[in-house]
Amino acid sequence: MVWNSISAAMTGVGAEDDIPLCERKTVTDFCYLLDKSKQLFNGLRDLPQYGHKQWQSYFGRTFDVYTKLWKFQQQHRPELVVKKLRYYARFIVVCLLLNKMDLVKVLVKELSEEIEDYTQRFNTEDQLEWNLVLQEVAAFVEADPLMVLNDDNAVVVISNRLQEGGVPPLEQGMVVGQLTLADALIVGNCNNQVKFSELTIDMFRMLQALEREPVNLATQSSKPGTLEPNEKPAKRENPHKYLLYKPTFSQLYTFLSASFKELPANSVLLVYLSATGVFPTGRSESEGPYDFGGVLTNTNRDVVNGEMVQKRNQAQKEMHCLHPGDLFPFTRKPLFIIVDSSNSTAYKNFSNLFGQPLVCLLSPTVYPKSMQDQCQRGSLFTLFLYNPLMGFLSVCGLSSMRFGLWEKAQELLRKVFHDIGQMITSSRAIDQAYLQFYGDEFLRLLMIRFVFCCATLRLHKLFREARSFPESYPPLPKQEMVESSLLQKHVLELAAMLDVQNLFSDGMLDNY
């Protein structure tokens, strides 16, 4: 409507004579931006929402035109304050993803002032909604269970991305696969978990764990002996990621299929599921891949004739559930699955039908009562995969630490991770799938952190039930790995360094 009326006014006979020169240029600029937006929209509306190869060429131009149009509106339409607030919210999301926590705090302060000004100037009905936005982002920023402080008692921002030298290197004689992590589906559907926008804290943590820390190319190229004068540093790719917040089964399967279709040769698809568990109702005579339940998918959008689809009787399976059997078709290619759920053990009843590398890392299904209240701030299992030291300190009840001690503990963990890597690659009892995935740095670090998590929880005095321990498919050899005397010694050494050795058992554990 706006476009048609302005175009008609500008193209009419003698129309420009009635418009002052300065206003004529303003209207002309606006028409130009609208025309560009219209052209881009016509090209974008037919693109599918899944798949990442089709839309990449449109992204830069669309973002550029949108930014110019937004600035124009802010300058000439002061009533559109809400768009400014939304811009702040989106900018905060971007800064969170880039781990710019100092900038996030500045933006939150500015957003708070903008919201206060907005609510004072206008009699609005969305004041409570914007206050809720502020509460969400504040809870998100404060979700980490630990503060690392420097000598001035200022909080140190810790990066949890994959850093150069942050993963045990491959050593001579190690026989591992050459697979590369190419795609990752990160799914979040946990009730009452801290979130901001459509990003839960568990989704955020897994996203950060699958990102490389950006390398300063100028610093890297200035290191003596690292590069030839005319040689450029090799670009190291991050896996492509889909972030799915509370997807329906149909949406989840669509994105899985698209990622599976586009997966390059010798590549791995990672599926991370952080979701409420769905348990089977009643006993089943069979024990197939649809008889153990799974994790919940969103039920709000799956409707038939305007009504929610319900099970007719207990013999039928839950339709709003991702069962282990639903993932079987995707095991035709290398598949790495992480399940953080109260029914994660449903996925240990897997079958490798096609002989491709397949690994499932499964969270505990029960936590000690003293730690259940912390679930709203994110899962302990995902916290270990995201930042093992932070996970260790969380189970020990520590909420702050000096940066010097943090660095000392990280140095010990590097030694521990090196030894775990040696255990994985030298074990004769381990399933070959782990070795196939070990060649990729992201997957290597996730497997090592998983083993460390298993060893820590098995030694902790509060974790006494078998359901409180992580599991995996295929199972890892306990005696050689998660219950090895060397790894137990390392865990107790770290506990002694942090003065929390009284929380851990100092002897060999019984098998559960």
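This is a predicted model: local features need pLDDT of at least 70, side-chain atom pairs count only at pLDDT 80 or more; totals for chains, interfaces and linings use all residues.

Reader: What does the protein chain contain in terms of helices and strands?

Author: The protein chain has 17 helices and 15 strands. Of its 512 residues, 47% count as buried.

Reader: How do you know what span to expect for helix 17?

Author: Helix 17 covers residues 485-497, which is 13 residues. The expected span is 1.5 Å times one less than the number of residues, and for helix 17 this gives 18 Å. From its first C-alpha to its last, helix 17 reaches 18 Å, close to that expectation.

Reader: Which residues of helix 17 are called buried, and what makes them so?

Author: A residue is called buried because its relative accessible area is under 20%. In helix 17, Leu487, Gln488, His490, Val491, Leu494 and Ala495 are buried. Seen down the axis of helix 17, these residues fall within an arc of 160 degrees, so they line one face of the helix. An α-helix has 3.6 residues a turn, so residues three or four places apart point the same way.

Reader: Which residues are exposed on the other side of helix 17?

Author: Ser485 and Lys489 are exposed there; the term exposed requires a relative accessible area over 50%.

Reader: Against which helices do the buried residues of helix 17 pack?

Author: They pack against helix 12 (388-395), helix 13 (403-426), helix 15 (441-459) and helix 16 (478-482).

Reader: Why is helix 12 called roughly perpendicular to helix 13?

Author: Helix 12 and helix 13 pack at an angle of about 110 degrees, with their axes 10 Å apart. Angles of 65 to 115 degrees count as roughly perpendicular, and therefore helix 12 is roughly perpendicular to helix 13. The contact is made by Pro388, Leu389, Met390 and Leu393 of helix 12 with Trp406, Ala409, Gln410, Leu413 and Phe417 of helix 13. Helix 12 passes helix 13 in a right-handed crossing.

Definitions and conventions:
Residues are numbered from 1 along each chain as its sequence is written. Side-chain values use heavy atoms; hydrogens and water are left out. Helices (H or I, at least four residues) and strands (E, at least two) are DSSP runs, numbered from the N terminus. Buried means under 20% relative accessible area, exposed over 50%, partly exposed in between (1.4 Å probe, protein chains only). The arc is that of the directions from the helix axis to the C-beta atoms. Contact means heavy atoms within 4.5 Å. Axes are lines fitted to C-alpha atoms, for helices over the stretch in contact, and angles run from 0 to 180 degrees between N-to-C directions. Angles under 35 degrees count as roughly parallel, over 145 as roughly antiparallel, 65 to 115 as roughly perpendicular and the rest as oblique. A crossing is left-handed if the near helix is turned anticlockwise from the far one by less than a right angle, and right-handed if clockwise.
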